[in-house]
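Have it open while you read.

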Amino acid sequence: MGSVYPYNVKGRAKPLYRIVYRRPDHKQTSESGFTRKSDAERRLAEVEVSKHRGE
């Protein structure tokens, strides 16, 4: 299970989004730079499906 977090960038009015999740080896990792929350949630769902498939 992962999470989506907004973060602000200086000089940008709207926040960007970061996803944080655990890899199968139990190390925490993140991906950032998503401009829309829905894009971040979609990527997080892709990661979770891949983990369940064992990819």
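The points below go from the overall fold to single residues.

1. **Ground rules.** This is a predicted model, where local features need pLDDT of at least 70, side-chain atom pairs count only at pLDDT 80 or more, and totals for chains, interfaces and linings use all residues. Residues are numbered from 1 along each chain as its sequence is written, and side-chain values use heavy atoms, with hydrogens and water left out.

2. **Overall layout.** You'll find one helix and three strands in the chain, running β-β-β-α from the N terminus on. Helices here are DSSP runs of H or I with at least four residues, strands are E runs of at least two, and both are numbered from the N terminus. The C-alpha trace spans about 40 × 20 × 15 Å along its principal axes. Of the 55 residues, 24% count as buried (buried is under 20% relative accessible area, exposed over 50%, partly exposed in between, with a 1.4 Å probe and protein chains only).

3. The three strands form an open sheet in the order 1-2-3, with antiparallel pairing (strands pair if DSSP finds at least two bridges between them). Strand 1 and strand 3 are at the edges with a single partner strand each, so one side of each has no neighbour in the sheet. On average, neighbouring strands are turned by 25° against each other, direction ignored (axes are lines fitted to C-alpha atoms, for helices over the stretch in contact, and angles run from 0 to 180 degrees between N-to-C directions).

4. **Strand pairing in detail.** Strand 1 (residues 3-7) is joined to strand 2 by five bridges. Valine 4 has isoleucine 19 as its bridge partner in strand 2, and proline 6 stands opposite tyrosine 17 in strand 2. Six bridges connect strand 2 with strand 3 (residues 28-34), and one partner pair there is arginine 22 with glutamine 28. The hairpin of strand 2 and strand 3 has five residues between the strands, and histidine 26 takes a positive phi near 70° in it.

5. **Helix on sheet.** What does helix 1 touch in the sheet? Helix 1 (residues 37-53) packs on the sheet and touches strand 1, strand 2 and strand 3, its direction making about 15° with that of strand 2 (contact means heavy atoms within 4.5 Å).

6. **The core.** Strand 2 (residues 16-22) is mostly covered, with five of its seven residues buried. The largest nonpolar core has seven residues: Tyr17, Ile19, Tyr21, Phe34, Ala40, Leu44 and Val47. By the rule used, a nonpolar core is a set of buried Ala, Val, Leu, Ile, Met, Phe, Trp, Tyr and Cys residues joined through side-chain atoms within 4.5 Å. Strand 2 and helix 1 each supply at least two residues of this core. Leaving out residues up to four places away in sequence, valine 47 touches Tyr21 and Glu31.

7. **A charged residue under cover.** Is glutamate 48 buried or exposed? Glutamate 48, which lies in helix 1, is buried because its relative accessible area is 15%. Not counting residues up to four places away in sequence, glutamate 48 touches Met1, Gly2 and Tyr21.

8. Beyond neighbours within four places in sequence, lysine 51 is in contact with Met1, Arg22 and Pro24.

9. **Salt bridges.** How many salt bridges are there? The count comes to six, a salt bridge being a side-chain nitrogen of Lys or Arg within 4 Å of a carboxyl oxygen of Asp or Glu. Aspartate 39 meets arginine 36 at 2.9 Å, N to O, and also forms a salt bridge with arginine 42, the closest N and O atoms being 3.2 Å apart. Aspartate 39 and arginine 42 are three residues apart in helix 1, so about one helical turn separates them.

10. **A linked set.** The side chains of arginine 43 and glutamate 46 meet in a salt bridge of 3.5 Å, N to O. Glu31, Arg43 and Glu46 are linked in a network of salt bridges. Arginine 43 is partly exposed at 28% relative accessible area, and glutamate 46 is partly exposed at 42%.
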